[in-house]
Amino acid sequence: MLTCCLVLCLQAAPAQEKVDLPPQRILENVSTIKNLVGEKVEYDGYVNKAGIWVQVGTSTFSVVEEGASDKEIVLRASAKGGKFGYSLKALMESRLDPATCVPRTHTFTQSGSEQQDKRLLFENGRVLYVKKKHCRDPQCKNPAHMVKETTFWGPIPTGSKTVHCSHCQDRSHYVWLPRYTHEVDTAFLDMLTALFAARSAELKVGTSIVVPLVIDRDRWAITVTSQKEERIEVKAGKFTCVKVTLQPENVGDPERRTQEQFQGIFGLNGTINVWLDKETRLPVQISGSIPFAFMNLNCHVELRKIVTRSDAAKKARSVTAAVPQTAAGTADKAQ
Ligand SMILES: [Zn+2]
Ligand SMILES: [Zn+2]
């Protein structure tokens with residue numbers, strides 16, 4: 001398991017005094033995610049192996065509206081790639097309440113060398129963490145979980161009987177099982193929702209915001225500090241960015257606070273730096289490290305292409321581009 005490897009880069013900070021979370025502030029930011037509907041961007045991911053940057057994968061982030069009547073806002077982040085005998089295909093999806101943009105569910109699906117299906121269900125005052133495990137229900141009658149087992153008379157096979165499979169890798173035998181319930185009296189977000197909510201946060205150099213996250217069975221307070229402005233160039237172009245650093249602190253179960261290591265999006269850990277475009281707060285470049293086959297490799301993710309801007313950004317641009325009154329009139333008619 002990659003997640004079990006010898007990574008020591010960043011241990012969770014020891015338990016300190018009570019963390020002062022600003023839930024109101026974060027919830028205000030969350031509602032602005034609706035302004036990002038229509039946006040789709042692509043990234044390239046690299047790791048540094050023996051001093052050489054090797055491209056290991058690509059990733060696509062998108063914000064869409066889905067559903068017939070009650071249109072949910074859906075945040076998606078997919079990643080695929082592989083190198084050095086390891087392959088990864090992962091999809092992260094958060095489904096948000098269309099009015100408030102507060103998350104309803106967050107699902108992580110991984111296939112390739114490792115398979116995982118995990119989900120967070122946000123309900124009133126609690127977050128339920130469920131994971132797909134091999135079915136072990138002694139009462140289970142699901143025909144899809146049944147396998148043929150050879151019967152013996154002594155050492156001699158006599159035929160076969162149908163039994164419930166006890167353990168295998170066949171994902172069709174896996175069922176969602178509850179793993180942990182977070183009882184929370186303040187707003188906690190999943191990683192993807194938090195990433196998009198941070199897009200509307202103030203980024204004055206020298207200031208910090210605290211983002212409350214739930215990842216599997218842990219809760220984290222991530223202090224995001226704006227360090228400095230930097231002009232950087234990536235495949236998608238040149239951007240004036242604000243460089244922010246992420247400082248995670250485990251604020252979940254006291255006994256887990258010093259054991260669990262923070263793993264950001266797609267397993268990124270260590271000292272995570274993110275360069276956000278000053279104007280749109282789009283992440284332009286991310287650096288950190290990723291656990292990779294018993295090693296921790298430096299990792300670098302950069303914006304390759306803005307496939308589509310958000311509907312709101314496109315509209316704002318078309319309005320600015322034309323004579324104000326005329327443009328506003330046209331936009332109204334178009335709706
Ligand atoms: Zn079963
Ligand atoms: Zn099985």
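Predicted model: local features only at pLDDT ≥ 70, side-chain atom pairs only at ≥ 80, totals over all residues.
## Overall make-up

The chain contains four helices and 16 strands, and 29% of its 335 residues count as buried. Among the contacts in the chain with a separation of 6 or more, 58% are accounted for by residues 24 or more positions apart.

## The largest nonpolar core

The largest nonpolar core has 63 residues, of which I33, A194, F196, L213, I222 and L276 touch the most other members. Helix α2, which spans residues 191-197, supplies the largest share of this core, with six residues. In soluble globular proteins, nonpolar side chains tend to be buried together.

When residues up to four places away in sequence are not counted, A194 touches L189, V211 and L213; L213 is, like A194, among the core residues that touch the most other members.

## The surroundings of V284

V284 is found in strand β15, which covers residues 283-292, and this residue counts as buried because 28 C-beta neighbours lie inside 10 Å, where the cut-off for burial is 20 or more. Leaving aside neighbours within four places in sequence, V284 is in contact with I232, V234, F239, C241, W275, L276, D277 and L303. The C-alpha atoms of V284 and K235 are separated by 9.7 Å, although the two residues are 49 residues apart along the chain.

## Strand pairing around β7

Strand β6 (residues 116-123) pairs with strand β7 (residues 126-134) in the antiparallel sense over six bridges, and within this pairing L121 has L128 of β7 as its bridge partner. The hairpin formed by β6 and β7 has two residues between the strands, and G125 takes a positive phi near 75° there.

Strand β7 also pairs in the antiparallel sense with strand β10 (residues 174-183), over nine bridges, and in this pairing V127 stands opposite H182 in β10.

Most residues other than glycine have a negative phi.

With 16 C-beta neighbours inside 10 Å, D216 counts as partly exposed.

Terms used
Residues numbered from 1 in each chain as written. Chains lettered and ligands numbered in written order. Core = buried A, V, L, I, M, F, W, Y, C linked by C-beta atoms within 7 Å. Buried ≥ 20, exposed ≤ 12 C-beta atoms within 10 Å, placed from the backbone. Contact = placed C-beta atoms within 7 Å. Pairing = 2+ DSSP bridges.
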